[in-house]
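Please consult the sequence and the coordinates alongside the text.

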Amino acid sequence: MKLIDDIILVLILSLASCTDATSRAPARWMVSTLAGSGTRGYQDGAGTAARFNSPIGMDVDSSGNIYVADRTNNRIRMITPGGEVSTFVNSGEGGDFANVTTGTAVRFAHPEGVAVDLKNDTIYVAEYDGHRIRKITKIGEAWEVSTLAGSDTGESGTEDGVGTTARFNSPIGMDVDSSGNIYVADHENHRIRMITPGGEVSTFVGSDEGGGFANVTTGTAVRFNLPTDVAVDSSDTIYVADTYNHRIQKITAGGVKSILAGSDTGESGTANGIGTAARFNSPQGVAVDLSGNVYVADYNNDRIQKITPGRVASTLAGSGTQGSADGTAAAAQFKSPTDVVVDSSGIVYVIDSDNHRIRKIEYRVP
């Protein structure tokens, strides 16, 4: 009888650990606001005292700090895990291509993408209107900005090459693989570009002839339609938000492409499902966790979607009605989410662009 009593006690304790001792409410996915007042502007500060102006992209470093491309403010902002917002670099005066390297004198021309190399916390910025990729490294106690690749005069193009001889056309989302290579969603060129740590740029997959739905699987015959973001998992598999084909593409480290989820004919919609039965509407941000689950900022559906390694797509958070409500995942509201990132503990962060906020999704007691 003692063995049975012990088993019963273990079951009771296990159930209790999943509920709040007072309310007995089950743990669930909850959405809260990490930073941003909901009103566009520029203000550093804690939590909802801070202000952003149409933030677009972000990434998280090894300490849990989040770096945000605050697009219309032309700044890179930093948010601590506790929600304290500061201006990392840039004065907010965009459009100047002078290569000032430190502090508030640095200029960006509408930064939209951020990626962090977790091995050394080097930060990369995709400069949308500057058509280049910037690199921010720590030198002593100061952060120094340089151009890793792309024109130093704001010139767009398609050329591969080294450093400033390469050309991009409105790059946005990026991520870094295990070897330090950076993969860039070269938006207007309909390509995924690769940059080595030394600044050598090549076309990984894709062609400037975008928009095709044919499921060609390798090389320059692959078609994207204005890709917006990329994410790289622990095995160097790459996931692409193929925005106007309304699907998430998967590319192996060897460059073989397939559809992870979403229409194989470019059809938009709102539907959970497996693989090509799922539907998205202009997905813009993509991230992958340590278990291989992919998270999607489904821009026009105002939802955050989750895709399992088995290609099952479902809604993680968002009612589908535009708004700014925090709360349980199903009841929460977003307004044009543009990016997602997952930290090492599995917390999902969302850029809620038209609400000018950074939101947080975590599994906890309501």
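Is Asn300 partly exposed or buried? Asn300 is partly exposed, its relative accessible area being 41%; here buried denotes under 20% relative accessible area, exposed over 50%, and partly exposed the range in between, with a 1.4 Å probe and protein chains only. The model is a predicted one, in which local features need pLDDT of at least 70 and side-chain atom pairs count only at pLDDT 80 or more, whereas totals for chains, interfaces and linings use all residues. Residues are numbered from 1 along each chain as its sequence is written, and side-chain values use heavy atoms, with hydrogens and water left out.

Asn300 lies in the loop between β22 (294-298) and β23 (303-307). Helices (H or I, at least four residues) and strands (E, at least two) are DSSP runs, numbered from the N terminus. Apart from neighbours within four places in sequence, Asn300 is in contact (heavy atoms within 4.5 Å) with Asn281 and Ser282. With Ser282 there is also a polar contact between the two side chains, at 3.2 Å. Such a contact is a pair of N or O atoms within 3.5 Å; within protein, one must be able to donate a hydrogen and the other to accept it, and residues adjacent in sequence count only if both atoms are side-chain atoms. Pro283 is 17 residues from Asn300 along the chain, and their C-alpha atoms are separated by 7.5 Å.

Consider next the chain as a whole. Of its 366 residues, 55% count as buried. Among contacts between residues at least 6 apart in sequence, 44% join residues at least 24 apart.

The charged side chains remain. Side chains of opposite charge can pair when their charged atoms come close. The whole structure holds 14 salt bridges, each defined as a side-chain nitrogen of Lys or Arg within 4 Å of a carboxyl oxygen of Asp or Glu. One of them joins Glu127 and Arg132, at 2.7 Å from N to O. Glu127 is buried, with a relative accessible area of 0%, and Arg132 is likewise buried, at 0%. Arg193 and Asp186 also meet in a salt bridge, at 2.7 Å from N to O, and both residues are buried. Between Lys360 and Glu362, the closest N and O atoms of the salt bridge are 3.9 Å apart; both of these residues are buried.
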